[in-house]
Amino acid sequence: MTKLTKAERDALPDSAFALPQKRMFPIFDRSHAKAALLDAPRALKDGSITEEEKEYIDRLAREKLAKKI
């Protein structure tokens, strides 16, 4: 996964994020979906997201990974 620059992240549509209201967890491709699965537990632990948000992120990321791209 390539780390997004601020400009690249800002240019993404809300639909590219698992949590568009917070513009957190971009999952527009497989590598970012994998990263979301790894990063969501850390965000839950540090209080950035709720358990419900983590479950939602996990579901969306797994759906993205299940698709043949």
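At 33% relative accessibility, Asp 39 counts as partly exposed (buried is under 20% relative accessible area, exposed over 50%, partly exposed in between; 1.4 Å probe, protein chains only). The model is predicted, with local features requiring pLDDT of at least 70 and side-chain atom pairs pLDDT 80 or more, while totals for chains, interfaces and linings use all residues. Residues are numbered from 1 along each chain as its sequence is written, and side-chain values use heavy atoms, without hydrogens or water.

Asp 39 belongs to helix 2 (helices are DSSP runs of H or I with at least four residues, strands runs of E with at least two, numbered from the N terminus). A separation of 8.3 Å lies between the C-alpha atoms of Asp 39 and Phe 25, which stand 14 residues apart along the chain.

Phe 25 is part of strand 2. With 10% relative accessibility, Phe 25 is classed as buried. Its phi is near 60 degrees, a positive value in a residue other than glycine. A positive phi, near 50 degrees, also occurs at Arg 23, likewise a residue other than glycine. Arg 23 sits in the loop between strand 1 and strand 2, and its relative accessible area of 25% makes it partly exposed.

The pairing of helices comes next. Helix 2 (residues 30-45) and helix 3 (residues 51-66) have axes that come within 9 Å and cross at roughly 165 degrees. The two helices are therefore roughly antiparallel (an angle over 145 degrees). On the side of helix 2, the contact (heavy atoms within 4.5 Å) is made by Arg 30, Ala 33, Lys 34, Ala 36, Leu 37, Ala 40, Pro 41 and Leu 44. Helix 3 contributes Glu 51, Lys 54, Ile 57, Asp 58, Ala 61, Arg 62, Lys 64 and Leu 65. Nine of the residues in this contact are nonpolar, seven are charged and none is polar.

Helix 3 has 16 residues and spans 22 Å from its first C-alpha to its last, close to the 22 Å expected at 1.5 Å a residue. Its buried residues are Glu 53, Lys 54, Ile 57, Asp 58, Leu 60 and Ala 61. Their cover includes helix 2 together with strand 1 (17-19) and strand 2 (24-26).

Lys 54, a residue of helix 3, illustrates this arrangement. Its relative accessibility is 16%, so Lys 54 counts as buried. Setting aside residues up to four places away in sequence, Lys 54 touches Ala 40, Pro 41, Leu 44 and Ile 49.

Methods. Axes fitted to C-alpha atoms, helices over the stretch in contact; angles between N-to-C directions. Parallel < 35°, antiparallel > 145°, perpendicular 65-115°, else oblique. Nonpolar A, V, L, I, M, F, W, Y, C, P; charged D, E, K, R; others polar. Expected span 1.5 Å × (residues − 1).
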